[in-house]
Amino acid sequence: YISRYDKTSETKLQRLLFIAKHSSAQEDILKSCYEMMEDHCREHGNVKRYKEIFGPDHKEGETPTDASIATSTTDSPSSSSSHPSTLGFHYDTAFLAEKESSSAHQLDNLEAQLKTAQVHLTKDSVRSIYLKMGEFYKARGELREALHKVKRSQDYCTNHRQNGQVCLMVIELGIDLRFYNEVRIYITKAEHTSDLLSNDSEFASKLAAASALVSLSESHYADAALKFASLSSELTNQFNSVLSAEDIALYGGLLGLASLDRQSLQSSLLDSTKFKGRLELVPPLRDALRHYVRAEYKPCLSLLSSLLPQLRLDIHLASHIDTLMEMIRHRCIIQYFIPYNTASIVTMAQTFGMEMEEMEATLVKLIGEGRMPGRPRIDSLRKMVSTESVRNTERRKRREMEGKVKKMGETFVRETEGMILRMSCLDHGLVVQNDAKQRTFRSGGTWGGGGGGGNEIDLASKLAPLKNLLNDRVESFPHLLRLEGR
């Protein structure tokens, strides 16, 4: 599993640590995780991560490191996880002292080179040194400082390709730190380099994969599923510092199963030339998708249950997996019930491999949310769930229509009375109007001089046909209201 990821990447360490903290695995598996983490830290000089994993336990109230923030994506570690010292690992202070000394010397050299480049105003040299400093801090596990240095290098980019490279590095560091707002901002910046997107399909696919992870983090499952499904089939392990090819298939298939309708699932995943080949990397998920499309819900849910232990140990899926599994189960129940007017709760529980009480509680929830078709009701005595009869549906629709007619009639009467009152005022030359100089009241004459209300009388005569029409409508309106008694 861990060999899918770049051996120098931060995600490899994060995934190993996540498995060690959240797995109920046997001691030999935990020991293997810690061995691989120790080898990685020693080989690449990741001092900060080494201190966090193998050092003494953090004291209460101590400020967490960047690494601990990045790996704390779900609940607290499982009770089975233990400190490496209990498994025979020792905290090597001599290694730390040696690495700290060599790192300080290396950092001094980089800072001296940076000052020289800044004095000579060589933009390309300044940019490359900032990137080297970013790699230096990343190797040490100081991700925030690495992110800061990489972002500084963007000020010294001279072409779109260099700018795109910096954006991609910031995106990778942002994902490692779970700074998804930062990731979204730099994806947008990178997308403005249109010439690079059009000429480099791999670069565009990496941006789309990062964007899909952002959507997943925000629980926009349908959007994330479509983004994973649209990735070029040429992107396999080129982005394994963040995602492996198996991850793309797993995330896309699972999110699609939870959020896409049957037709979209078939066209975007199973029949897609870009994605259907990826599903061969995760055979249980591929088979689960096929069972769902064929309305074979029990084997579909059974295959997903077999994947559940693996899914709970994925750093990006772990915090969403319970919600996703519930969404998939609910979709299966709804699709199962659509062809029926009446179904046995006992039979449904057996079909979906659930307890009868659990199935009944699920149906109550779905009906209460208005997601079940046909406004069904549960007969708890007979353990049946039934949709509305045709006669009851007609009665309900008739009552709804009568309510609409009554509301329309009341609105019509209110508006008609207002119009008649207005025309009556016009007939008698009674008008109240706002004027820039004075407020004038006319009733056969004016305050402050002026002639009579001839203009208003002319207007009233022109509106007389409309008044007669409205009077006729009002007289016939009681007949319309009697329709409610049908």
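Predicted model: local features only at pLDDT ≥ 70, side-chain atom pairs only at ≥ 80, totals over all residues.
Figure 1. The charged end of R262 is placed over the ring of Y292, at 5.3 Å from the ring centre. A second contact of this kind involves K189, whose charged end lies over the ring of Y186, 4.4 Å from its centre.

**Figure 2. The stacked pair of Y130 and Y156.** The rings of Y130 and Y156 are 6.0 Å apart, centre to centre, with 25 degrees between their planes, and the pair is stacked. The class follows from the angle, because planes under 30 degrees apart count as stacked. Y130 belongs to helix α6 (residues 123-140), whereas Y156 is in the loop between α7 (143-153) and α8 (160-177), so the contact ties together parts that are 26 residues apart in sequence. The two partners can also be described by their accessibility. Y130 has a relative accessible area of 3% and is buried. Y156, at 22% relative accessibility, is partly exposed.

**Figure 3. The edge-to-face pair of F136 and Y137.** The ring centres of F136 and Y137 are 5.2 Å apart. Their planes make an angle of 70 degrees, and the pair is edge-to-face. Both F136 and Y137 are buried.

**Figure 4. An aromatic cluster built from ring pairs.** Y34, Y50, F54, Y91 and F95 are linked into a cluster by ring pairs. For the model, the count of aromatic pairs comes to twelve.

Figure 5. T122 is located in the loop between α5 (93-119) and α6. Its relative accessibility is 31%, and T122 counts as partly exposed.

Figure 6. The axes of α7 and α8 come within 9 Å and cross at roughly 160 degrees. The two helices are therefore roughly antiparallel to each other. The crossing of α7 with α8 is left-handed. N159 lies in the loop between these helices. With a relative accessible area of 38%, N159 is partly exposed. The C-alpha atoms of N159 and T193 are separated by 9.7 Å, and these residues are 34 residues apart along the chain.

Figure 7. Helix α11 covers residues 201-217, and has 17 residues. From its first C-alpha to its last, α11 reaches 24 Å, close to the 24 Å expected at 1.5 Å a residue. Twelve of the 17 residues of α11 are buried, so the helix is largely enclosed by the rest of the structure. Among the buried residues of α11 are F203, K206, L207, L213, V214 and L216. The buried set also includes S205, S211 and S215. Just after α11, S219 takes a positive phi of about 65 degrees.

**Figure 8. Packing of helices α12 and α13.** Helix α12 (residues 221-229) packs against helix α13 (residues 245-259) at an angle of about 140 degrees. Their axes are 8 Å apart. This angle makes α12 oblique to α13. The crossing of the two helices is left-handed.

**Figure 9. Helix α17 and its buried residues.** Helix α17 (residues 321-337) has 17 residues. The helix reaches 25 Å from its first C-alpha to its last, close to the 24 Å expected at 1.5 Å a residue. The buried residues of α17 include I321, L324, M325, I328, I333 and I334. H330, R331 and C332 are also among the buried residues of this helix, as are Y336 and F337.

Figure 10. Phi of A295 is near 65 degrees, a positive value in a residue other than glycine. A295 is placed in the loop between α15 (283-293) and α16 (297-311). At 41% relative accessibility, A295 is partly exposed. K383 has a positive phi of about 55 degrees, although K383 is not a glycine. The loop that holds K383 is between β2 (377-379) and β3 (384-386). K383 has a relative accessible area of 23% and is partly exposed.

Terms used. Residues numbered from 1 in each chain as written. Heavy atoms only, no water. Phe/Tyr/Trp six-rings, centres within 6.5 Å; stacked < 30°, edge-to-face > 60°. Helix = DSSP H or I, 4+ residues; strand = E, 2+ residues; numbered from the N terminus. Buried < 20%, exposed > 50% of the residue type's maximum accessible area, 1.4 Å probe, protein only. Lys NZ or Arg CZ within 6 Å of the ring centre and 35° of its normal. Expected span 1.5 Å × (residues − 1). Axes fitted to C-alpha atoms, helices over the stretch in contact; angles between N-to-C directions. Parallel < 35°, antiparallel > 145°, perpendicular 65-115°, else oblique. Left-handed = near helix turned anticlockwise from the far one by under 90°.
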